[in-house]
Amino acid sequence: MSSPLPNATDFLPGPVLLLGAPGVGKGTQAKLLMEEFNIPQISTGDLLRGNREQRTTLGMMAEELMTKGLLVPDDLVNEMVSERLALPDTEHGYILDGFPRTLNQAEWLDTKLVAYMLPVVAINIAVPEKVLLERITGRRMCPVCGTIYNIYTQPPKSECICDADATKLVQRADDTEEVFHERMNSFRQKTSAVIEYYRSHGNRFAEVDGDRPVHEVTKSIRATLLKLRHHPEN
Ligand code: AP5
Ligand code: MG
């Protein structure tokens, strides 16, 4: 049983960053925390895929890079995040999933959040690399409600069908072994420095072990978030 959480009126999560390599479970955990804390999940990957489906200029520019496992330029992603953060549902907090991914994005976010009521807290989900390939190649998603499955570890009740709305599940175009290795390269070259940047913030950073069952990881993230926010400086 998970421990009871203070409800949204007692506890303001504020801005929360979920960090970690491809497949560590950022999206899975963000969706669970979003429901619990009643704050939005802002996934830059999901926003870019949405742009791609709608054939916007940004989506078409991003498509080729995403298919190759490369990062989309900082200016474009920062602008997209800026527009999303301006929506009123971010007032009590939000979970940024997959952003920032470069030091430039992290520094931009610092300037963006100067006037926010609470400082940002960052939680890194750590999973050994050898586990991640199976998570990525086994992932399936519902194109309608966004529920994330895994054919090995989190299968739907009926093969390839979403439990929630019976839609046929899809596989992301970048969830191949080849693109996974490119995404890991991007992570090592650009995003691992972002984790060290937030680690150096001391009281605003924590790491959780993501190589455990989903509900145990959620429990750890929840407890970590409460602890970080109860620190006098946060
Ligand atoms: P994005 O969509 O963010 O992809 P990613 O970072 O590679 O992360 P994933 O979504 O693959 O993994 P996740 O950590 O969310 O894991 P999930 O919960 O799904 O980005 C895609 C692309 O967009 C980038 O490559 C880049 O091109 C571009 N982009 C995005 N943001 C950008 C930015 N800021 N700047 C520039 N470019 C950007 O779980 C994975 C699987 O594991 C699932 O099958 C799930 O069921 C399973 N699973 C989860 N938790 C567990 C568990 N505890 N035990 C067992 N299985 C589990
Ligand atoms: Mg994700």
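**Reading a predicted model, feature by feature**

Colleague: P100 is found in the loop between β3 (93-97) and α5 (103-112). How are such elements assigned?

Modeller: Helices (H or I, at least four residues) and strands (E, at least two) are DSSP runs, numbered from the N terminus. This is a predicted model, in which local features need pLDDT of at least 70 and side-chain atom pairs count only at pLDDT 80 or more, while totals for chains, interfaces and linings use all residues. Residues are numbered from 1 along each chain as its sequence is written, chains are lettered from A and ligands numbered from 1 in the order in which they are written, and side-chain values use heavy atoms, with hydrogens and water left out.

Colleague: Is the peptide bond from F99 to P100 cis or trans?

Modeller: Most residues other than glycine have a negative phi, and most peptide bonds are trans. The bond from F99 to P100 is cis, its omega being near 0°.

Colleague: How do I read confidence in the chain?

Modeller: The protein chain averages 93, and 94% of the residues score at least 70. Over residues 1-9, pLDDT stays under 50. Where pLDDT is low, the predicted coordinates should not be read in detail.

Colleague: What does V81 touch?

Modeller: Contact means heavy atoms within 4.5 Å. V81 lies in helix α4 and, leaving aside neighbours within four places in sequence, is in contact with T44, L96, F99 and W108. V81 and F99 are 18 residues apart in sequence and 8.6 Å apart in space, C-alpha to C-alpha. V81 is buried because its relative accessible area is 0%.

Colleague: Where is T224, and is it buried or exposed?

Modeller: T224 belongs to helix α8 (residues 214-230). Its relative accessibility is 15%, so T224 counts as buried. Residues up to four places away in sequence aside, T224 touches I123, A206 and V208. T224 and I123 are 101 residues apart in sequence, with 8.0 Å in space between their C-alpha atoms.

Colleague: How many residues does the largest nonpolar core have?

Modeller: A nonpolar core is a set of buried Ala, Val, Leu, Ile, Met, Phe, Trp, Tyr and Cys residues joined through side-chain atoms within 4.5 Å. The largest one here has 51 residues, and those with the most contacts inside it are L17, L18, L96, L109, Y198 and I221. Helix α7 (residues 177-199) gives the most to this core, with seven residues. I221, beyond four places in sequence, touches L18, Q29, L33, I123, I125 and V208.

Colleague: What separates a cavity from a pocket?

Modeller: On a 1 Å grid over the protein atoms alone, a cavity is a set of points where a 1.4 Å probe fits but cannot get out; a pocket is an open set with protein on both sides within 12 Å along at least five of seven lines; lining residues have an atom within 4 Å of a point. By this rule there is one cavity of 30 Å³ or more. The largest cavity is lined by R49, R52, M66, T67, R172, A173 and D174. The elements giving two or more residues to that lining are α2 and α3 (57-68).

Colleague: And which residues line the second largest pocket?

Modeller: Its lining consists of L47, N51, L58, L76, E79, M80, E83 and R84. The elements that give two or more residues to it are α2 (44-53) and α4 (74-85). Of these, α4 gives the most, with five residues.

Technical notes. Buried < 20%, exposed > 50% of the residue type's maximum accessible area, 1.4 Å probe, protein only. pLDDT = per-residue confidence, 0-100. Points joined across faces, edges and corners; volume = space filled by probe spheres on them.
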